[in-house]
Amino acid sequence: MRSRPVAVLCVVLLLCAVLYMTLGAKGAWSFVIPFRAGKLAGLVLVAVAISTATVLFQTVSGNRILTPSIMGFDALYSLLLTGLVFFLGAQATIQLPPMALFGLNTGLLMLGAVLLFGTLIAQTRGDLLRMILTGIIFATLFRSLTAFWQRMIDPNEFQVIQVASYARFNRIDTDLLPLASVLCLGAIALVWHRRRQWDVLALGHDAATNLGLRVRLETVFALLLVAVLVSVSTALVGPVAFLGLLVVSLARLVDGSETHARLLPIAALISGITLVGGQLALERVFALSTPLSVVVDLLGGLFFFFLLLKGRSR
Amino acid sequence: MISIRNIDYDIAGKAILRDVSLDMPKHGVTALIGPNGAGKSTLLSLIARLLPLQHGRVTVDGHDIATCDTAALARILAILPQIQDAAPRLSVSDLVAFGRYPHSRGRLTDQDGAIIDAALAAFQLTDLRNRALDTLSGGQRQNALLAMIFAQGTDYLLLDEPLNNLDIAASRRLMAQLRGLADEQGRTVVIVLHDINYALAYADHLVVLAEGRVAAMGNPEEVVTDDLINRIYGTDAAVINHNNRRIVDVGP
Ligand SMILES: Nc1ncnc2c1ncn2[C@@H]1O[C@H](COP(=O)(O)OP(=O)(O)OP(=O)(O)O)[C@@H](O)[C@H]1O
Ligand SMILES: [Mg+2]
């Protein structure tokens, strides 16, 4: 009985995927299939990365309104990438294989996440207002610094970093797919493996310590995993502001049991349906030029407002 | 035995605990009393490693809590903090099931199931087991948290003001349960109380904390006097004898 939502969501996602692969295909299948399969894989990867990162971040920060992107994780990714290009120079960066640059930046983001958000969470857990304020300040600061550096970089070099500045689901960076898949699947496997620990961590510092969890260590580990997942999604499609909030809130409506064993897959499936189904609808059915990220962020943003106003932060 | 040696604890340069050294005997109920802000919760949190020790040493059954494995300690010692903000949407039985986490890491066995059912029954929660915590009354929630601590099945239980929100029947039932744990199962209970009458009626050992220091300790009947209450709390409630039992008369 309890697995019915999962089964239904699986079927819907499968349907979306099949339609995405086949609908409106012109030309040889031998070209269409691999081309679209790459994009589909990218979309699904991004969807799962974002939903998983959001669930995990909400668990360690002890509330259900904040997400990595609201707190400035992906802004930090763009900032670090711009900083790398700035300091290494465009020549050096272009000579680096894209994968190496991506790997390097992921490492930097992991470091930054633990330093910045590790301390922030230790000090303000449970204090939603302070967290949101700090997040807004972080995100704004990261974006201004990025913009500042980008102005100082000459236009040729700008090419390299432009990809990390705005969301685009229709042009996924499939070059990065191999490394992105390995990192993403690895992180997801670790998150899933420790799903029962996350349940305990969600109880808060004191209750989790009482049950024998090393809360600081688990929090740092969770932030490292969030950093990897955010890197993957930002590298593939750029920053997406409110997708995580939208899909995880919907997942909590679908299943109220609060366990990660159910929340993680349900959120991932809803996220996949939103991205694949949304892209399918916009691109193939309505042939609209509105980017999906705009639609998702609009809906997600409204939802964010709704949650804030209703005060259902915990 | 819980043995505490030379604990000092400061928050932002302010002394909260000063040179606290005491032993809480095994197989008994130790009551910890003292005025608001005396440092009782801080002391309990230090014993249960919810706060890091700054100075001094705590051992539980010989295990130094600063160095011993925290997962192993969770099978020996459990704490009910004074302020609990466990996930509000959790159901009662899911909360109580968390008490078994230190033993089964979230993969509940049949034996865990039986322990959880027993804990629910012991706190009159069987009918409420599927309700979310935020739909319960204050006392029912307190009972759910207590049931979780009971399900943890540790030899040492630290309870910070567990009688909060409980009616007189539930309070007496809880105190009797704690006595039962101590007398029949040889467990060790440390309980922070404000109602000195409960301490007099149910505890074997009493520790009085005031302004971060141990002001008195020993047999409750001997420690609690008019003079003590006057000195520690600055109020003149009289200690009277009734049916060979000491009682604090709270009347004006
Ligand atoms: N986070 C904190 N920041 C500043 N002061 C604190 C903090 N936590 C506790 N204190 C102070 O430490 C002292 C001891 O607090 P504690 O909670 O241990 O008292 P208590 O004996 O449990 O009191 P009560 O009976 O009211 O629960 C108090 O003066 C309190 O104001
Ligand atoms: Mg207290």
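This is a predicted model: local features need pLDDT of at least 70, side-chain atom pairs count only at pLDDT 80 or more; totals for chains, interfaces and linings use all residues.
1. Ser93(B) belongs to helix H3 of chain B; helices (H or I, at least four residues) and strands (E, at least two) are DSSP runs numbered from the N terminus. Ser93(B) is buried, at a relative accessible area of 12%. Here buried stands for under 20% relative accessible area, exposed for over 50%, and partly exposed for values in between, with a 1.4 Å probe and protein chains only. Leaving aside neighbours within four places in sequence, Ser93(B) is in contact with Ile116(B), Leu120(B), Arg129(B) and Asn130(B), contact meaning heavy atoms within 4.5 Å. Its C-alpha atom is separated by 10.0 Å from that of Gly113(B), 20 residues apart along the chain.

2. Residues are numbered from 1 along each chain as its sequence is written, chains are lettered from A and ligands numbered from 1 in the order in which they are written, and side-chain values use heavy atoms, with hydrogens and water left out.

3. Ser91(B) lies in the loop between E6 and H3 of chain B. Ser91(B) is also buried, with a relative accessible area of 13%. Beyond its neighbours within four places in sequence, Ser91(B) is in contact with Arg129(B), Asn130(B), Arg131(B) and Ala132(B).

4. Ser41(B) is partly exposed at 24% relative accessibility, and Gln82(B) is partly exposed at 36%.

5. Ligand 1 is surrounded by 14 residues, of which the closest are Gly37(B), Gly39(B), Lys40(B), Ser41(B) and Thr42(B); a residue is counted if one of its heavy atoms lies within 4 Å. The distance is 3.0 Å for Asn36(B), 2.5 Å for Thr42(B) and 3.3 Å for Glu161(B).

6. Helix H10 (residues 226-233) of chain B has Leu228(B), Ile229(B) and Ile232(B) as its buried residues. Viewed down the axis of H10(B), they fall within an arc of 95°, so they line one face of the helix; the arc is that of the directions from the helix axis to the C-beta atoms. Asp227(B) and Arg231(B), on the other side of H10(B), are exposed. The buried residues of H10(B) pack against helix H8 (196-202), strand E9 (205-210), strand E10 (213-218), helix H9 (220-223), strand E11 (238-242) and strand E12 (245-249) of chain B. Gly234(B), with a positive phi near 65°, follows H10(B).

7. Asp19(B), found in strand E2 (residues 14-24) of chain B, has a positive phi near 50°. Asp19(B) is partly exposed, at 48% relative accessibility. Asn165(B) has a positive phi near 75° and is found in the loop between strand E7 (156-160) and helix H7 (168-185) of chain B. Asn165(B) is exposed, with a relative accessible area of 58%. Most residues other than glycine have a negative phi.

8. The largest nonpolar core has 150 residues, and Phe73(A), Phe117(A), Leu236(A), Leu178(B), Ile191(B) and Leu193(B) touch the most other members. Such a core is a set of buried Ala, Val, Leu, Ile, Met, Phe, Trp, Tyr and Cys residues joined through side-chain atoms within 4.5 Å. Helix H11 (residues 215-237) of chain A gives the most to this core, with 13 residues. A second, separate core of 30 residues includes Leu22(B), Leu44(B), Ile47(B) and Val60(B).

9. Chain A comprises 14 helices and zero strands. Of its 314 residues, 55% count as buried. Among contacts in chain A between residues at least 6 apart in sequence, 79% join residues at least 24 apart.

How values were computed
A polar contact is a pair of N or O atoms within 3.5 Å; within protein, one must be able to donate a hydrogen and the other to accept it, and residues adjacent in sequence count only if both atoms are side-chain atoms.
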